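User: I am new to this structure. Please take me through its side-chain contacts in short steps.

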Amino acid sequence: MTKEATDTDRHTVLDDGFHVFDTTLRDGAQREGINLTVADKLTIARHLDEFGVGFIEGGWPGANPRDTEFFARARQEIDFKHAQLVAFGATRRAGATAAEDAQVKALLESGAPVITLVAKSHDRHVELALRTTLDENLAMVRDTVSHLRSQGRRVFVDCEHFFDGYRANPDYAKAVVRTAHEAGADVVVLCDTNGGMLPAQVQAVVATVRADTGARLGIHAQDDTGCAVANTLAAVDAGATHVQCTANGYGERVGNANLFPVVAALELKYGKQVLPPGALTEMTRISHAIAEVVNLTPSTHQPYVGVSAFAHKAGLHASAIKVDPDLYQHIDPERVGNTMRMLVSDMAGRASVELKGRELGVDLGGDRELVGRVVDRVKERELRGYTYEAADASFELLLRAEAEGRALTYFRTESWRVIVEDRPDGSHANEATVKLWAKGERIVATAEGNGPVNALDRAIRVGLERIYPQLAKLELVDYRVRILEGRHGTGSTTRVLITTGDGTGEWSTVGVGDNIIAASWQALEDAYTYGLLRAGVEPAE
């Protein structure tokens with residue numbers, strides 16, 4: 001069997017008629033707060049290839065040692081199944097030749113089969129930034145594209161500041177596109193580098209340039225007007241067949257066109273298959289996995305993939321969704337690997353509670369009286385400061401207590417106390433003592449911590465882990481405090497939200513009290529109770 005046949009069997013060959021081009025590793029990495037190692041870039045590249053994008057722009061080899069290393073390692077360590085690796089660079093220097101330009105040589109040495117060249121298309125940038133003539137800039141484009149093509153590379157040309165340049169001098173901007181196309185560039189990408197365009201403007205310009213030049217066009221949109229995704233789709237409407245995006249919209253300033261809503265729109269709204277079959281259902285997972293690598297919390301309200309993208313809070317919505325989920329959802333969330341969530345709050349009605357119970361696996365059996373009690377209890381407690389839309393675990397415990405006629409109990413609290421001691425050297429000591437009952441046994445436990453809540457947490461563990469060893473797996477993941485509205489100053493009501501994990505999942509609980517320690521104790525009680533429930537421990541009688 002030939003190598004070519006082997007590669008075809010092992011790799012999915014994507015239709016070249018439409019390109020999904022990802023530049024997370026280059027343009028996305030320019031976001032403030034992102035600093036990718038080579039290992040990070042390799043991991044993200046694997047995720048993007050798994051998702052099924054056609055092209056992954058890995059960086060600028062030769063200009064950045066880290067990017068040079070990335071290309072060397074990617075060739076050895078990643079067996080791309082769907083994507084082609086792309087090296088980014090610039091046209092040759094003014095007055096030189098492409099064959100002698102060191103930066104152009106570095107692009108070839110990267111081994112990338114595809115090269116993206118950034119070229120100036122705004123006349124003022126040519127004269128002020130490149131400090132050369134308009135004719136020489138065209139020669140730089142022509143020479144560099146022709147040379148790379150002669151070396152067997154596929155070439156895309158990014159026309160930087162294209163839309164601003166087109167506004168200032170449309171004839172010259174189109175001349176750059178035409179020159180790149182005639183020199184052998186497969187795609188000429190129109191870049192809204194400053195991100196100032198609006199969809200109708202983009203659509204009009206792309207349509208005109210396509211008609212006047214005959215070039216295959218792509219779009220690269222920044223999000224400074226909040227229109228990058230819309231601008232990208234407007235370009236597609238005008239005939240662009242190559243879209244450049246970044247995962248989660250990462251990028252310089254406010255970011256780039258977000259890969260995930262662009263791809264979802266193309267597949268689900270335009271009917272274009274731009275990913276391998278079945279890949280779209282992995283979108284939410286891939287989005288969150290990349291967010292983990294760059295160490296940024298995933299946006300909860302991101303379209304399609306955010307945890308709130310298919311979350312429903314209003315009682316009116318819930319009533320409709322109970323009849324037909326499509327009444328308040330534009331797609332089935334499972335198509336993008338997400339899930340519908342029902343939020344229970346003081347805005348909830350009966351339908352919200354019934355659907356939430358179904359989601360949590362608690363059968364309310366169509367009991368209208370029971371559902372009514374739960375609705376009333378939620379509204380009463382939220383009036384006191386509780387919030388259940390952010391504390392699913394506490395809501396499930398409340399729901400089970402109402403459904404079963406008694407609270408779910410593993411231990412009972414007799415009392416607790418915390419001592420905070422200030423020392424002459426400025427240090428502090430925090431000591432907590434808890435008195436609990438569990439399985440008929442009275443337990444008194446004391447522990448120190450680096451804060452009063454941490455001391456309470458440790459004291460509970462000291463007292464209960466012998467009886468419930470499952471608690472050893474639990475870990476406090478997040479702790480948030482909010483002082484609720486009131487007129488009592490330091491005596492105002494306090495709400496505490498705690499997120500706990502057991503290595504396989506996380507859950508949130510809420511406590512409300514007249515001080516931070518009392519509120520924290522309630523949230524901790526719920527957190528450990530729910531953790532034992534998850535572990536399959538039978539409640540105490």
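**Side-chain contacts**

Analyst: This is a predicted model: local features need pLDDT of at least 70, side-chain atom pairs count only at pLDDT 80 or more, and totals for chains, interfaces and linings use all residues. Residues are numbered from 1 along each chain as its sequence is written, and side-chain values use heavy atoms, leaving out hydrogens and water.

User: How many salt bridges are there?

Analyst: Side chains of opposite charge can pair when their charged atoms come close. Here a salt bridge is a side-chain nitrogen of Lys or Arg within 4 Å of a carboxyl oxygen of Asp or Glu. By this rule the count is 26.

User: How many residues apart in sequence are the parts tied together by D224 and R253?

Analyst: D224 and R253 form a salt bridge, with the closest N and O atoms 2.7 Å apart. D224 lies in the loop between β7 (217–221) and α10 (228–237). R253 lies in the loop between β8 (242–245) and α11 (259–269). Helices (H or I, at least four residues) and strands (E, at least two) are DSSP runs numbered from the N terminus, and the pair therefore ties together parts whose separation in sequence is 29 residues.

User: What kind of aromatic pair do W60 and F88 form?

Analyst: Rings of Phe, Tyr and Trp (its six-membered ring) pair if their centres lie within 6.5 Å; planes under 30 degrees apart count as stacked, over 60 as edge-to-face and the rest as tilted. The whole structure holds 11 aromatic pairs. For W60 and F88 the centres are 5.3 Å apart and the planes 75° apart, making the pair edge-to-face.

User: Is F88 buried or exposed?

Analyst: F88 lies in strand β3 (residues 84–90). Its relative accessibility is 5%, so F88 counts as buried.

User: Which residue has its charged end over the ring of F88?

Analyst: A charge sits over a ring if NZ of Lys or CZ of Arg is within 6 Å of the ring centre and within 35 degrees of the ring normal. At F88, the charged end is 3.8 Å from the ring centre, and it belongs to R26.

Notes:
Buried means under 20% relative accessible area, exposed over 50%, partly exposed in between (1.4 Å probe, protein chains only).
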